[in-house]
Amino acid sequence: FLALKIANVNWQSKLNKAAHHTSDYSSTEAIFRRGQAFNITLNLQTMVQSGDNFTFIASTGPSPAESQQTKAIFNLSEEDASGWSATQEPSEPGCMNFTIFSPPNAVIGRYKLKLQIVSGNKVSSILLGQFVLLFNPWCPNDDVYMANEKERQEYVLNDSGIIFQGLEKYIQQEAWNYGQFEEDILDISLAILDRSLNHRQDPAVDVSNRNNPIYVSRVVSAMVNSNDEKGVVEGKWNGKYYSGTNPLQWSGSVTILRKWYRGRYKPVRYGQCWVFAGVMCTVLRSLGIPTRVITNFNSAHDRNINLSIDKYVDISGKTLHLTEDSVWNFHVWNESWFIRRDLGSFYDGWQVLDATPQERSKGIYQCGPVSTRAIKEGDVNLDYDSSFVFAAVNADYVTWICYSNKRKERIYSDTRKIGKFISTKAVGTNSRVDVTANYKYPEGSLKERQVYKKALKLLGVRSTGKTTKITRPRRRSSVAWRQNMTQPAKKPSISGKLILDASPIIGQDILLTLALRNLISDFKTIKVKLSASAILYTRQPKAEILQLSRSIKLGSEEVKEISFKISYSQYKNSLMDDRKILVTAVCDTKQEASLLVEKDIVLQDPFLTIKVLGPTVVYKAVNVQVTFTNPLSEVVTDCVLRAEGSGLLKEQLRINVARMAPMESSTVQFEIIPYKSGTRQLQVDLVCIHFSDIKGFVMLDVAPA
C-alpha cells in the first residue's frame with residue numbers, strides 16, 4: 001500500500017485573499033469568508049492510485065460534531081447535507097487542485113482541514129492545515145449581506161474612522177484607529193469569543209451558535225466591558241485614573257486589545273462609552289460583520305424604564321442626587337447590519353448594540369442587538385433590550401426644584417429634547433451624517449406621539465404616571481413625577497437665555513450673559529441664583545466652580561442682560577478632563593412659577609497642526625512635523641506626544657516634550673514608514689498632566705510601492 005504523501009499544501013494565499021476581500025489582514029494564515037469558494041493545491045510526493053477516494057473533513061471548536069454544524073465530512077463533487085462541498089480541478093502532473101465551498105450559514109472561526117484517503121481497504125488521514133472562516137457581507141445568502149460596495153468598503157474594510165462627541169450645539173470630531181487588520185487583532189477577536197461566559201458554560205453549544213450574527217454580536221457586547229467575565233475594558237466615570245489610562249487618552253482599539261491579550265486577559269483600565277464602542281466596532285468588523293459607531297446627543301439613561309427622566313435642583317440651581325436617572329451630553333453605541341430571522345424581515349438592517357455597562361440584560365451587562373425599526377415603531381417588547389434604547393432617544397425630561405421644607409415643585413425648563421442629532425461618519429468621507437430619522441418620527445409629529453404612547457402601554461406605564469409592574473427590577477425610582485404628571489408646570493411669565501460672548505478656550509476667562517425678558521406688562525423683581533459646576537459628559541457635577549446671587553428689576557416687557565465671568569483661576573483646579581462646565585440660573589419671582597435656564601459649555605483646545613513633509617509611498621520613510629502651543633500662562637513640563645495610525649505605524653509612537661514656557665509654541669518631528677497603501681489616518685495626541693489632551697489627525701493617501 002502506497003500511502004499518498006503530500007510534499008506541501010499551497011493555500012493560494014494571494015488569490016484567495018483577493019477573492020475573499022481578506023488581503024488587508026496582517027497574517028500569514030489562510031482567511032476566507034463563508035458562502036464562497038476557495039482553492040488549494042496539494043503538491044504530491046507519490047502518485048495517486050486510480051481507485052483512491054477522497055473525503056474532506058472541516059472542523060472547528062473544542063468538540064466538533066456534525067449534529068452541531070461544527071464538523072463537515074464531504075466527498076468530491078457531491079454537496080454534503082451541511083452545505084460544504086469540494087470539486088477537483090485540472091492540474092499539472094504531481095499536484096492536485098481542489099475548490100472547496102463553505103455554506104453561507106457556516107459557523108465562523110478557526111477550522112482544521114483534513115483529507116481522508118480510502119485506497120482499497122486502507123484508510124489514511126492527513127491534516128492539510130488550518131484556516132479562519134469569517135462572515136461574508138459580499139454573499140447574498142449570508143445574514144450579514146450588504147448590497148452596496150461603497151458601504152462594504154466603509155463598514156467592513158475601513159480601519160479608521162470618526163467618533164462624534166461634545167454637545168448638540170458643539171459637535172466635535174474625534175479620530176479613532178479601529179485597526180481591525182493589524183497584527184494579532186483577528187486572533188484577539190476570536191479569543192474574545194472563547195473567553196465569554198457562554199463559552200465557559202458550554203463550549204460546544206457556544207461554538208455551534210457562532211453561525212448567527214445576532215448571537216455573536218450580543219456575546220461581543222458583553223465581552224467588551226469587564227463587568228461579568230473579565231472582558232476587555234473596565235469602565236470608570238468618577239475620581240482620578242491614576243491606576244490606568246484616562247479614557248480620553250485612547251486614540252484607537254489596537255493598543256487596548258493588545259494590552260488585554262498580552263496581559264493575559266486582565267481588563268484594561270479605563271474606558272467610557274466611545275472607548276467601548278470603538279473597541280466593539282474593531283472586533284465586529286474583524287469578524288466580518290458590517291458595523292458603525294453612533295453618537296446620540298442628550299442621551300437618556302432611564303434606570304426604571306418609565307420613559308421619564310427626572311432632574312432635581314435646589315433653590316440655587318445645584319443638582320441634587322435624588323434619582324438614578326440621568327441625561328448624558330452624548331452617548332456612543334454601535335450599529336451592525338444583519339437580518340433578524342428571530343423577528344421577521346421588517347426588522348432587518350441596522351441593529352443597535354451597546355457595550356457600555358449601564359444596565360443588566362438577562363443578568364449580564366450586555367445590550368442588543370435591537371432593530372432600529374423596532375425603536376422607531378415603539379416595539380419595546382422585542383429582543384433584545386429595545387425598551388432601554390427606546391428610552392435613550394425618547395424619554396421625557398422633567399425638572400423639579402426642591403425647597404428646604406421638602407416641598408418639590410415641577411418647574412418649567414426649556415426641555416432639552418432627548419435624542420438629538422444622532423450621528424455617524426459618512427460613507428467614504430469624514431463628514432457627519434444625521435441618522436435621527438432611523439430612530440424616530442419627526443419631533444412633535446402625530447406619529448411620534450402615537451409611538452410614544454404605544455411604548456408607554458407596552459411597558460405598562462400609564463400616562464397619568466401611575467405605574468403598573470415594570471419588567472426591569474426597580475432601583476430607587478423617583479415617585480414624585482407620578483403624582484404630578486397630570487399637572488404640567490405653570491409657564492413662568494419671564495423667559496431667559498444664557499449666551500456665551502466668545503468661544504471659550506482653555507486657559508482663558510469665560511464670559512457669559514444672562515438675557516431675561518418680561519413677557520407681561522407687570523413690573524417685577526426677580527431673584528437670580530447662578531451656579532457653575534465642572535461636569536463629566538454624563539452631566540454628573542464633579543466640582544462647584546461659582547455661585548452668585550443677583551436681584552433684577554424688570555419693567556413692562558423689558559429685556560435686561562446680566563454679564564458675568566468665570567475666570568481661569570476659578571475653574572482651573574475644578575475642570576475635569578472633559579473640559580465641560582454646566583451653568584444654571586434659577587430665576588424666582590414671588591407668587592409665580594420659577595424659571596430654570598441651563599447651558600453646557602465645552603472649553604476648546606488650542607490647535608495642533610500636522611504637516612507631512614513629502615509624498616507618502618508604501619515602504620518609503622517620510623517625516624512628519626507637529627506644531628502645538630502651551631495654552632496656559634504657566635510653564636508646563638513632562639508632556640508626551642503620541643502618534644498612531646493603522647498602515648503607518650506598527651506600534652504607538654511616544655516622544656517626550658520636556659518643557660514649554662507660557663503660551664509657547666513647540667515643534668516635534670518624527671519619521672513614519674507606511675506599510676499599507678490607500679487612505680490612512682495619522683493621529684497625534686499631546687498628553688500632559690496640566691491640561692487635558694490636545695488631539696489632531698490628518699488623512700494621508702499612501703501610494704503603492
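In these legends a residue is called buried when its relative accessible area is under 20%, exposed when that area is over 50%, and partly exposed in between. The structure shown is a predicted model.

View 1. Helix α6, which spans residues 213-223, is mostly covered, with 11 of its 11 residues buried. The buried residues of α6 include P213, I214, Y215 and V216, and R218 and M223 are also among them.

**View 2. The four domains, and the pairing of domain 2 with domain 3.** The domain assignment divides the protein chain into domain 1 (6-134), domain 2 (154-459), domain 3 (494-602) and domain 4 (608-702). The centres of domain 2 and domain 3, taken over C-alpha atoms, are separated by 31 Å, and 34 residues of domain 2 are in contact with 27 residues of domain 3. Between them these two domains bury about 2,500 Å², of which 53% is on carbon and sulfur atoms. On the side of domain 2, the residues that lose the most area to domain 3 are L167, S316 and N329, which together account for 19% of what that side buries.

**View 3. Polar pairs and contributing elements at the interface of domain 2 and domain 3.** Two salt bridges are counted between domain 2 and domain 3, and seven residue pairs are found in polar contact across their interface, with both residues at pLDDT 80 or more. Among the elements that give two or more residues to the side of domain 2 that touches domain 3 are the strands β10 (160-167), β11 (170-177) and β17 (326-338), together with helix α8 (273-287). The largest share of that side, five residues, comes from β17. Sorted by class, the side of domain 2 that touches domain 3 has 16 nonpolar, 13 polar and five charged residues.

**View 4. The salt bridge of K318 and E544.** Side chains of opposite charge can pair when their charged atoms come close. Here E544 forms a salt bridge with K318, and the closest N and O atoms are 3.7 Å apart. E544 lies in strand β27 (residues 541-554), whereas K318 lies in the loop between β15 and β16 (319-320), so the pair ties together parts that are 226 residues apart in sequence. E544 counts as partly exposed because its relative accessibility is 41%, and K318, with a relative accessible area of 35%, is partly exposed as well.

**View 5. Other salt bridges of the structure.** The structure holds 31 salt bridges, and this view takes up some of them. R642 forms a salt bridge with D685, the closest N and O atoms being 3.0 Å apart. Because R642 lies in strand β33 (residues 636-644) and D685 in strand β36 (residues 678-687), this pair ties together parts that are 43 residues apart in sequence. Both R642 and D685 are buried. Salt bridges that share partners also join D184, R258, R262 and E651 into one network. In a further pair, R449 forms a salt bridge with E448, with 3.4 Å between the closest N and O atoms. R449 counts as partly exposed at 33% relative accessibility, whereas E448, at 6% relative accessibility, counts as buried.

**View 6. The surroundings of K676.** K676 lies in the loop between β35 (665-672) and β36, and K676 is buried, with a relative accessible area of 11%. The side chains of K676 and E182 are joined by a polar contact of 3.4 Å. When neighbours within four places in sequence are left aside, the residues in contact with K676 are D24, S26, F181, E182, V618, G647 and V702.

**View 7. The surroundings of S63.** S63 lies in the loop between β4 (53-60) and β5 (71-75), and at 41% relative accessibility S63 counts as partly exposed. Leaving aside its neighbours within four places in sequence, S63 is in contact with T70 and A204. The C-alpha atoms of S63 and V207 are separated by 9.1 Å, although these two residues are 144 residues apart along the chain.

Note on methods
Residues are numbered from 1 along each chain as its sequence is written. This is a predicted model: local features need pLDDT of at least 70, side-chain atom pairs count only at pLDDT 80 or more; totals for chains, interfaces and linings use all residues. Side-chain values use heavy atoms; hydrogens and water are left out. Domain bounds come from an automatic or database domain assignment. Contact means heavy atoms within 4.5 Å. Buried area is the accessible area (1.4 Å probe) that two parts lose on being put together, summed over both. A salt bridge is a side-chain nitrogen of Lys or Arg within 4 Å of a carboxyl oxygen of Asp or Glu. A polar contact is a pair of N or O atoms within 3.5 Å; within protein, one must be able to donate a hydrogen and the other to accept it, and residues adjacent in sequence count only if both atoms are side-chain atoms. Helices (H or I, at least four residues) and strands (E, at least two) are DSSP runs, numbered from the N terminus. Ala, Val, Leu, Ile, Met, Phe, Trp, Tyr, Cys and Pro count as nonpolar, Asp, Glu, Lys and Arg as charged, and the others, Gly among them, as polar. Buried means under 20% relative accessible area, exposed over 50%, partly exposed in between (1.4 Å probe, protein chains only).
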